[in-house]
Structure formats: C-alpha cells, structure tokens
Amino acid sequence: MRAFAPILLALSVPVFAQGSGPTPPMANQQLADPTQEAQAMRLMHSLRCIQCQGQSIADSDAAMAATMRAQVRQQIAAGEKPQAIRSWMIDRYGEWVSFEPDMKGAGLLLWVAPFFIFVASIWLARGLFRRRS
Amino acid sequence: MIAEAGLAALWLAAAMALLQFVGGLTLLRGGAGQLVPLIKPAAYVQGALCAFAFFALMWLFYVTDLSVLLVASNSHIDKPMIFKLAGTWGNHEGSMLLWVAVLSVSGAAIAFFEKRIDAKTLHATLAVQGFIALGFFAFLLFASNPFERLEPAPLEGAGLNPLLQDVGLAFHPPTLYMGYVGLSIAFSFAVGALLTNQAGPAFARAMRPWVLAAWIFLTIGIAAGSYWAYYELGWGGWWFWDPVENASLMPWLAATALLHSVSVLATRNALRAWTIMLALVAFAMSMAGTFLVRSGILTSVHAFAVDPERGAFILALMLIYTSIAFVIFALRIGAVKQGEPFQLVSREGGIVANNIFLSVILAIVLIGTLYPLAAEAMGDKISVGPPYFNKATVPVMLLLMVALLIGPMLRWRRDALMRIKYWLIGAAAILICGGLAAWKLAPDTRLFPLLGIALSLALAVAAWLPLRGRKLLRTPLPIFGMVIAHFGIAVSVFGMASESGFSKETLTALAPGESAEISGWKVKLDDVKPVVGDNWVAVEGEMVASKNGGTFMLRPQSRQFFKPEMQTSEAALLTRWNGQLYAVIAQPNQEGDGRWQVRLWWKPFVTFIWYGGILIALGGTISLFGRMFRRAKKPAINKWERA
C-alpha cells in the first residue's frame, strides 16, 4: 500500500500540475508532529520552486511552491521517507527540482571537488614552507 | 541638452583613457616617452569628465526628463524623490556609468595622492587603469548608452522594480560596485608592479588602502543585501546561496584573502607572487560577479538586472583582462624575487592558512555556482543550492575559525605553539564548555550550529588577545581594527549558528481576534486593514505580541504595487536584545473562513549576523584611517624599502 501512496496522493490533488487554483491548506500550515514538520521543512528547503527564480519551495510565495509544500507535508504525514518524496519529485520534475545533486552521475564531481581542492591546496602550501625553510 | 553634454563628456573621457594607455605603452617599450608626462593630467581630466557625466544623469533623474529613454523606462513622475535619485544607478546603464565614474575618480585620486611607489610603476598602474576603463567606455558607449533619447517622450514613465524601492536597497548595488572598482584598482597596481618588476613592500603599501576600502564596501554591501533579503522576501531567510549572492561573496572571499596576504607583503616582504595572484583573482571574481548578475545566465532572484547580449560583452571584457593579466603574470613572475622565509608555525603561517581556507571556500562557491551551466552544456539540467553549499563550505569555514583562534597570537617568522600553551588550553576549555552548554540547552541541535556556537564563543575571547601586554594608547589603530573585525566575525558567526540551530517557526491562519503562540510569545491578530501608499496598496495586519507582561504592536503588510505590477510582503520585525520576532501576513485563506495566513518566527540572536557585519566593516574602517593617519605622520620606511 505504501508504494502506491504517492500515486494516490497525486490523484487526490488534480490541480497539482497546473500550479494554480486554490492553495491546499497544508501549504501554509505546519504538521502537528514537530519531528515530522522538521523533516518536511528540511526537505522543502532542498527542493527548488520551479516557477520562481532560484528560491526553495520553503521560501516562496508562488502558487506552485505552495502546492509542492502541501505535497511534501501530506506525504510526510502519510509516513513517507523524505528521500522517497525527493525521488518522487525528481521523477516528476527532473533533477532540476533538487537543490542537492545526488552523489552520482553529473553530481558526483561536484561532491568530490571540495575534497580534491582542499588536498591540492594543502599540498601546494606545503611546498611553500618546504622551499622557504 | 544635459543628456548630450553627458554623452560628450563620456566620449572625451574615453579619449583620455586611451591617452593614458598609449602613454603607458610608450613608457614600457622604452621609447622616448613624450606622452608619459600626460598620463597623470589625463587621469585627472578623465575623473572630472566621468564625475560630470554621472551627475548629469542624476540631474536628468532629478527633473524626471522623460525624453531620455533610461529615465522613461526606470522612473515615474509619482515616485518619491529618494527613489528617483536612486534610479540613477538602479538600472543597467546607470550602474555601469557609476562603475566607470568611480573607476575614473579613483584613478585621478591615485595620480594625485600616491607618492610611495616610483614614478614608473605609478604610470604603468595608471596605464592599466586606462586600459580597463577603455573596455567599460566601449561597453557604455556602444552597448548601453545611458543618455539615449526617446521620441516621443512618454507622459509618466514606467517605474522602478518595487523590490528596489527600498531605502536600504537603493544603496546596496552602488556599495558593491565601489567594492568591485576598488578591486580593479588593486588589479591595476598588481599588473603595474609586475610590468615594472616592483612587487615589493612599497607596492603592497600603495595597494593596501584600495584593497581595504574595496573590502569594507563589499562587506557592507553583502551585509545590507542579506538584511534586505531577510526582511523583504518574507520567509525569514538571510542567505540563499543564490548565484548573485555568490557573485558578491566570491570577490569578498578573494578580497579577504588578499587583504591578509598584502599585509604580510607590506610588513614582512613575503608572499609576493601569492599576493599578486590573489589581486588578479579578486578582480576576475568581481568581473565574474558583474557578468553573472548582468547576463542572466543563471536564474536568480536578481533576475531584474538581466540582459544576455550585454552579458556577453562583459564576459568578453573579463576574458580579455584576466587572460592578458595571467599571461603577464606567467611571463613576469619568474623575475619576482623570492620573499623573506618563514616557518609553518608563525604569523605568516597563520595567514597562509587563512588564504588557503578562503581560497578553498571560494573555489567551492565558484564550482557550485557554475556547475549547473556545465552540466546543462552536457545535457543534464541540475540545480545546486543551499544544501550543497552549506555542507561543502561550512566545514572549511569552521576550520578557518580554528585558524583564527591561533594565528593572530603567533609571532612573525617563527614561533612555537608551546609559547601560547595557556591560551590553547583556554580555547579548548571554552570550546568544550560552550559546545556542551549549547547541546544541553537544545539537545536536538545539529552539529554545525553547535560547533559554530562553540567556536564563536572562543573567538569572541581570542579576538581581543592581541591587545594583551600592549599599552592601549600607543597601540596602532590597525591593530584595533583587526581586533574589532575578528570580534565581528565571532559575533556574526554566533548569530548565524544561533539562527540556523534554534529558530522557531509557526505557520498558521488567523481570523481577527485569534492568536498564535511562538517561543513564549503570544501573537494576537487584532485587525486587518487596507493601506494606501505612494504607488502601492496593501493589506496591513495589526498584531499584538506579548510576552512576560510586555506588549508590542506589529504591522506586517502584503503590498500590491502598480507600475510595474508586483506583490511584495513587508515583514514586521520586533527586535529584542536576544533575537527578533518576525511576522508576515500573506493571502486570505482559500476556504473563505475570514482567516489570513500568518507566518511567525522567533529567531534568537539573528541580529548578531548584521551587527557582526557592521563590526567587521568598522574594524576595516579603523584600520584604513589608521594607515592614512600614520602615513600622514611619517612616511613608512623599513629595511625592505629597496626590495
């Protein structure tokens, strides 16, 4: 049953894809359980509002963002794991919607780069001291 | 008439820049150099002409001359005067004119005041400046003429983006531009010194005030922009890792690194190549910043400033300047003499650590900002946002804080950690106690905020230690400047950690008469009323916030602007010593139950973020005045003068 939850939820919100129409109530109201709400918030901050300019859905006034916030809260309330909701969003809207690229494919280099740069710069600086002392 | 005079002044100024450049070329080619005596006067005239052109444009905005295209498309007869004037630079053409004007006036100032470096290096520096200015004159005159006429003149004008109609924001872009221009001057000095092979302490002392001034402006600009985003966007965030925010952060990071290494070069005659490299990088970053903002190549909340064709022009300028500079660097750096040696555990070592950590952060921000572009070129459309930047940069920032606990306590050239062992033990004690206390207060806090709190507490003490054992009245002002700026870092990081770790949020819908709770505050919505402003209408919520017997009025607004049409929310902020209560009123509830959506946050110590920013800028300013004052008293001479 849990596997179907996203589909059922999608069916229950037919205006979702248009990003217009009445705002679902959960868009602007917190979940009763603070732990769940914190989870939802963390996830919302990592999802991009695709209607606006570079804001996350957690801080946008756009109708689309409101609909997506409602989606996140509903699915969290239904017991979905944040990671599953994120994948669901990515399936629906593409990688573009995630502010945090996965550590695979196109995103892998991005996560490796900081370590590489750090090590490289320490190595460079070590040369500096060795040469001069 | 005024518009035409302004345009003519720009053309003449461009001719002066060309003269400066050609004069410099004859000097470097070792020719007869008849043009060389003209370089300084050309710089003065260029500065005066550009200042005139800028004030001419400001006059056109002052009288709202709608026959000028720029005024017609960015101003409106009904706009408040302050925003009419701010409209001068609140648009692409005007802001580029401001850039060129500041650049040219600074060039004139260098020509007039700079006496420390030898004449040849000074002339080379002014020539490089002329070369940079030429590119921007071409850009202004061919691709973004601010004085273009509009026939027939419209009756009222189109207006300025409502988000920009804000006193704080009216001064945010020019502040950043001052910073960018300051870095272009540092760049001119660096290239000038490379060309004449004078990359010694004298050059560093000549360059330092410009770096310092640029850095102060960037600090203020970034802090102001951050506070603006915080209260204007209405969701309580103060940093979004938006491409344009990153575009201003990158030059700041480079300038901060440069500021420290140039001090080493000025006082210890070490890190020569390193300093020149950082000066080139800092300018490249400020050009990249301008390019990212102006081109619209990355989607951002600053999308109002976008124009792809002009972006291409700026990109071309950036590539020309930086590639020429790096070629000169590669050709000349072999001739730059090795600086004075130092050991790992020394003040220089600490500053190298500062430089490395800042450069790593800079590289991460640069990669993260440009990565979506690269991925898109490969066919992947991905986003890189706050979760990535926070995870990747915060650990390095924390390392930087650790370096800051130790570095300023060390002696130049060589030192031993044993000498400062009592402080090291003390710092460790503060770190552990502070961390444990914060964890005890809020057990579910994440690691980064905890470490941030602990480190900022330790730094709040460490920052003052360089004053220990000094006679305060005889301590040079730059030392006070450093101490205050470092303390400002502690204050700011404390605010950031506290906000991100301990903020509370209440999102709800209230009908008049109902109330909500947040962190011990009771917020009652008394009434919702319509309000009319100069060029907007709004709904205003009247809220009463009460805690421990004290009651306060909050009046958040949801504003609808016309000319152009746009909706913005004006958050109501209640500032207490230990944080801010942040209230927003949004749309009426969809169910038609008479309730209004209300968002409330309690943000503990959030104001410290910007207080810290002010302290950092203040420290820089004290340091700058100290240097100028000291210079006026006695010309600084030390044993490396003839390096």
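**Helices of chain B**

Helix α5 (residues 92-113) of chain B has 22 residues, which at 1.5 Å a residue should span 32 Å; its end C-alpha atoms lie 31 Å apart, in agreement with that expectation. The model discussed here is predicted.

- Most of α5(B) is covered, with 18 of its 22 residues buried.
- Helix α8 (residues 172-196) of chain B contains 25 residues, and the distance from its first C-alpha to its last is 37 Å, close to the 36 Å expected at 1.5 Å a residue.
- The rest of the structure largely encloses α8(B), because 24 of its 25 residues are buried.

- On the side of α13(B), the residues that make the contact include Gly350(B), Ala353(B), Asn354(B), Phe357(B) and Leu358(B).
- On the side of α14(B), Tyr388(B), Phe389(B), Ala392(B), Thr393(B) and Val396(B) are among them.
- Sorted by class, the contact of α13(B) with α14(B) consists of 16 nonpolar and four polar residues, with no charged residues.

**The open sheet of chain B**

- Four strands of chain B form an open sheet in the order β1-β10-β9-β8, and their pairing is antiparallel.
- β1 and β8 (572-576) of chain B are the edge strands, each pairing on one side only.
- From one strand to the next, the twist averages 15 degrees.
- β8(B) and strand β9 (residues 579-588) of chain B run antiparallel and are joined by five bridges.
- Within this pairing, Ala583(B) in β9(B) is the residue opposite Ala572(B).

- Strand β4 (residues 536-547) of chain B pairs with strand β5 (residues 550-554) of chain B in the antiparallel sense, over five bridges.
- Ser546(B) has Thr551(B) of β5(B) opposite it.
- A hairpin is formed by β4(B) and β5(B), with two residues between them. Asn548(B), in the turn, has a positive phi of about 50 degrees.
- β4(B) is also joined by five bridges to strand β6 (residues 557-561) of chain B, and these two strands run antiparallel.
- Arg559(B) in β6(B) stands opposite Ala538(B).
- β6(B) is in turn joined by five bridges to strand β7 (residues 566-570) of chain B, again in an antiparallel arrangement.
- Thr568(B) in β7(B) is the bridge partner of Arg559(B).

**Chain A**

- Chain A has five helices and zero strands, and its pattern along the sequence is α-α-α-α-α.
- Of the 133 residues in chain A, 33% are buried.
- Among contacts in chain A with a separation of 6 or more, 57% are between residues 24 or more positions apart.
- Ala27(A) lies in the loop between α1 (5-12) and α2 (34-45) of chain A.
- Ala27(A) has 22 C-beta neighbours inside 10 Å and so counts as buried, since the cut-off is 20 or more.
- Beyond its neighbours within four places in sequence, Ala27(A) is in contact with Ala66(A), Thr67(A), Arg69(A) and Ala70(A).
- Ala27(A) and Ile57(A) are 30 residues apart along the chain, and 9.9 Å separates their C-alpha atoms.

**Contact of chain A with chain B**

- The contact draws 40 residues from chain B and 34 residues from chain A.
- On the side of chain B that touches chain A, α13 (347-377), α14 (386-406) and β1 (504-510) of chain B each supply at least two residues.
- α13(B) provides the largest share of that side, ten residues.
- By class, the residues of the side of chain B that touches chain A are 26 nonpolar, eleven polar and three charged.

Conventions:
Residues are numbered from 1 along each chain as its sequence is written. Chains are lettered from A and ligands numbered from 1 in the order in which they are written. This is a predicted model: local features need pLDDT of at least 70, side-chain atom pairs count only at pLDDT 80 or more; totals for chains, interfaces and linings use all residues. Two residues are in contact if their C-beta atoms, placed from the backbone, lie within 7 Å. Ala, Val, Leu, Ile, Met, Phe, Trp, Tyr, Cys and Pro count as nonpolar, Asp, Glu, Lys and Arg as charged, and the others, Gly among them, as polar. The expected span of a helix is 1.5 Å times one less than its number of residues. A residue is buried if 20 or more other C-beta atoms lie within 10 Å of its own, exposed if 12 or fewer, and partly exposed in between; C-beta atoms are placed from the backbone. Two strands pair if DSSP finds at least two bridges between them. Axes are lines fitted to C-alpha atoms, for helices over the stretch in contact, and angles run from 0 to 180 degrees between N-to-C directions.
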